[in-house]
Amino acid sequence: MQKIITTFSYHELKDALRKSNPTSPGPDQVHNNMLKHLGESSLLTILLLFNRIWQERVFPLSWLKSIVPIPKPGKDQRDPNNYRPIALKSCLSKLLERMVSARLMHVLERSKWFIPSQSGFRRRRNTIDNLLKLETAIREAFVRKKHLVSIFFDIEKAYDRTWRYGILKDLSDIGLKGNLPLFIKNFLQTRIFQIRIGNILSDNFNQQEGAPQGSVLSVLLFIIKINGIVSKLPAYVNSTLFVDDIQIHCAGDDMGFIQRQLQTAIHNMTDWASTNGFIFSPQKSVCMHFCRRRGLHPDFQLNGSPIPIVQETQFLGIIFDTKLIFRSLIQHLKTKCIRTLNIMKVLSSTSWGADKVSLMRIYRSLVRSKLDYGVPVYGSAAKSTLKILDSPSPKTSYSYWGI
């Protein structure tokens with residue numbers, strides 16, 4: 001593969017800046033909104049800095065420092081397990097990482113390196129691809145009166161356990177040479193973090209393994225590392241992969257055949273995970289038996305522990321049930337939408353409330369977006385079930401703004 005040593009262009013900088021979200025700043029307190037309002041001369045100066053880092057192959061030490069963690073909403077903050085290890089990094093560093101990530105993704109897509117079942121953060125691929133693949137397989141099993149068993153895996157501390165040497169080895173196996181793999185090596189090594197509780201910061205700690213959460217480049221590196229996890233599945237076992245959301249399924253008339261195939265797949269995936277530094281969680285991984293006829297339920301072992309068999313589970317934001325009725329999903333969806341609509345009811349006062357245009361924007365972004373997500377999947381539910389979403393409660397009226 002050709003060496004990637006070309007300097008970054010102004011177009012790449014502007015494109016990366018356009019895609020940057022107004023996230024929290026890192027230790028340098030530089031916001032993305034500040035960068036987006038800079039003039040062309042200032043942006044060219046930043047581009048000069050980025051190209052110097054790229055060509056001299058030296059990553060700034062101040063950009064290797066980050067602040068963690070972020071508390072989970074609605075959880076007891078006195079429990080250390082209720083924090084997400086998301087790193088607040090320098091926005092300048094994240095901007096350069098986004099530019100590098102775009103180049104790396106272009107190389108991987110052009111060489112068709114990703115396995116077909118991987119949909120995570122790829123162009124023209126999204127979660128709906130994986131949801132539809134699973135839903136279609138289940139519907140086909142129903143029509144043919146077969147069993148379909150699906151296992152949804154959970155990886156313990158996936159990003160924190162990502163093997164750095166393994167990432168660099170994979171980049172070498174891909175054939176990458178030049179500045180790109182050296183930049184990633186410098187990006188991963190000697191990372192420093194501080195823990196913030198309120199306004200108090202801890203001493204500095206070295207991060208020995210893993211990729212920093214909160215970085216676009218980290219997501220792509222994780223996808224590269226996890227890409228091979230389903231490469232050695234048995235022929236009758238299918239899979240979907242969206243970053244670390246892993247699902248495998250097998251359909252057939254004989255439950256014994258399904259169980260043997262999936263248990264072999266579990267062993268192969270466990271061996272691969274052990275070799276590459278990942279650990280599956282038997283407690284958070286679940287199994288579902290999709291079938292419209294009575295029959296034996298399967299039994300699977302993961303790391304010596306049984307995988308729980310459940311009637312419902314949430315996969316990529318959609319609640320699946322064993323009969324594909326989707327009643328629980330639609331009830332949950334209605335509850336979330338009504339909460340937002342109740343807030344909008346307060347904002348829709350004719351004397352002091354928001355105007356119709358503003359209310360419609362809020363509706364489309366906070367209510368309609370929830371309803372639209374997953375429609376190709378849950379839209380196959382019975383009309384009586386879908387009717388739950390037809391209208392809000394009778395006490396709620398939105399005739400003022402035309403909804």
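Modeller: pLDDT is the predictor's confidence in each residue, on a scale from 0 to 100. This is a predicted model, and the mean pLDDT of the protein is 86, with 91% of its residues at 70 or more.

Biologist: Which stretch has a pLDDT below 50, and how many contacts does it have beyond near neighbours in sequence?

Modeller: The pLDDT is below 50 over residues 394-403. Beyond near neighbours in sequence, that stretch has 19 contacts in the model.

Biologist: How many bridges join strand 4 to strand 9?

Modeller: Strand 4 is joined to strand 9 (residues 245-252) by 7 bridges, and the two run antiparallel. Within this pairing, Leu 148 has Ala 251 of strand 9 as its bridge partner, and Ser 150 stands opposite His 249.

Biologist: And on the side of strand 10?

Modeller: Strand 4 pairs with strand 10 (residues 286-290) over 5 bridges, again in the antiparallel sense. The bridge partner of Val 149 there is His 289.

Biologist: Are the faces of strand 4 covered or open?

Modeller: Both faces are covered. His 147, Val 149, Ile 151 and Phe 153 lie on one side, Leu 148, Ser 150 and Phe 152 lie on the other, and all are buried. In a regular strand the side chains alternate between the two faces of the sheet.

Biologist: Changing topic: where is Asn 130, and is it buried or exposed?

Modeller: Asn 130 sits in helix 5 (residues 127-143). The residue counts as buried because its relative accessible area is 3%, against a cut-off of under 20%.

Biologist: What does its side chain make a polar contact with?

Modeller: The side chain of Asn 130 makes a polar contact with the side chain of Ser 119, at 2.9 Å. Leaving aside neighbours within four places in sequence, the residues in contact with Asn 130 include Ser 117, Thr 240, Phe 242 and Leu 316.

Biologist: Which way do the residues of strand 14 point?

Modeller: From strand 14 (residues 318-321), Ile 318 and Phe 320 point one way and Ile 319 and Asp 321 the other, and all are buried.

Biologist: Finally, helix 4. What happens at its ends?

Modeller: Ser 90 caps the N-terminal end, with a side-chain oxygen 3.3 Å from the backbone nitrogen of Leu 92. Just after helix 4, Lys 112 has a positive phi of about 55 degrees.

Biologist: And how far does helix 4 reach?

Modeller: Helix 4 (residues 91-110) spans 28 Å from its first C-alpha to its last, close to the 28 Å expected. Of its 20 residues, 16 are buried.

Key. Residues numbered from 1 in each chain as written. Predicted model: local features only at pLDDT ≥ 70, side-chain atom pairs only at ≥ 80, totals over all residues. Heavy atoms only, no water. Helix = DSSP H or I, 4+ residues; strand = E, 2+ residues; numbered from the N terminus. Buried < 20%, exposed > 50% of the residue type's maximum accessible area, 1.4 Å probe, protein only. Polar contact = N/O pair within 3.5 Å; in protein donor to acceptor, adjacent residues only side chain to side chain. Contact = heavy atoms within 4.5 Å. Expected span 1.5 Å × (residues − 1). Pairing = 2+ DSSP bridges.
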